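Dear colleague,

Please find the structure below, together with its sequence. My notes on its core, its pocket and one of its helices follow.

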Amino acid sequence: MEHMHEGHDQHHQGHQGHQGHQHQGHEGAGAGAGKVSWAMAARATLHCLTGCAIGEVLGMVIGTALGWGNVPTMVLAIVLAFFFGYALTLRGILAAGVGLRTAVRVALAADTLSIAVMELIDNGVIALWPGAMDAHLSDPTFWIVLAIALAAAFVITTPVNKWMIGRGKGHAVVHQYHH
């Protein structure tokens, strides 16, 4: 867990000097999109992916252990992916001394679209991959397809985060609490 926090801190080190919700050059609908680096968007996406992956795997392990079918297990995995995605963001915001109510609102604003896109892609790949839904945790197919699904989610969600950060939304909202 500490390693993930260090990566989150590194994510924010590249943003020193940014002030408030609206970063210079990011006010207009398309004005600042070019000023957001792909590395910044990738770090924000990796942050969300970490929480999603924790929730996905935990949900699948719990659902399997309880003998649940595919649909309830997938629903649990998605719920836990959102929970852990938000929890990682909340951890950083609360550490900055922000009240719980404000921190929850910031986390929801920062991560909802990113996690939703990530979960749509991730679960879509798993659902559409032949045999993936029936693979057990001990089956290498399960882990290979999960890795491919998470990689696809990362690749597709990174441009979404780049677009959002460029407009002062998504993880851009979180940055004001780290400076």
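**Nonpolar core**

The largest nonpolar core has 29 residues, of which Met 60, Ile 93, Met 118, Ile 126 and Leu 146 touch the most other members. Such a core is a set of buried Ala, Val, Leu, Ile, Met, Phe, Trp, Tyr and Cys residues joined through side-chain atoms within 4.5 Å, where buried means under 20% relative accessible area (1.4 Å probe, protein chains only). Two or more residues each come from helices H2 (38-65), H3 (70-95), H4 (100-128) and H5 (140-166); helices are DSSP runs of H or I, at least four residues, numbered from the N terminus. H4 gives the most, with nine residues.

The model is predicted: local features need pLDDT of at least 70 and side-chain atom pairs count only at pLDDT 80 or more, while totals for chains, interfaces and linings use all residues. Residues are numbered from 1 along each chain as its sequence is written, and side-chain values use heavy atoms, with hydrogens and water left out.

**Largest pocket**

H3 supplies the largest share of the lining, four residues.

**Helix H2**

H2 has 28 residues and reaches 39 Å from first C-alpha to last, close to the 40 Å expected at 1.5 Å a residue (1.5 Å times one less than the number of residues). Just after H2, Gly 67 takes a positive phi of about 75°.

With kind regards

Terms used: Buried < 20%, exposed > 50% of the residue type's maximum accessible area, 1.4 Å probe, protein only.
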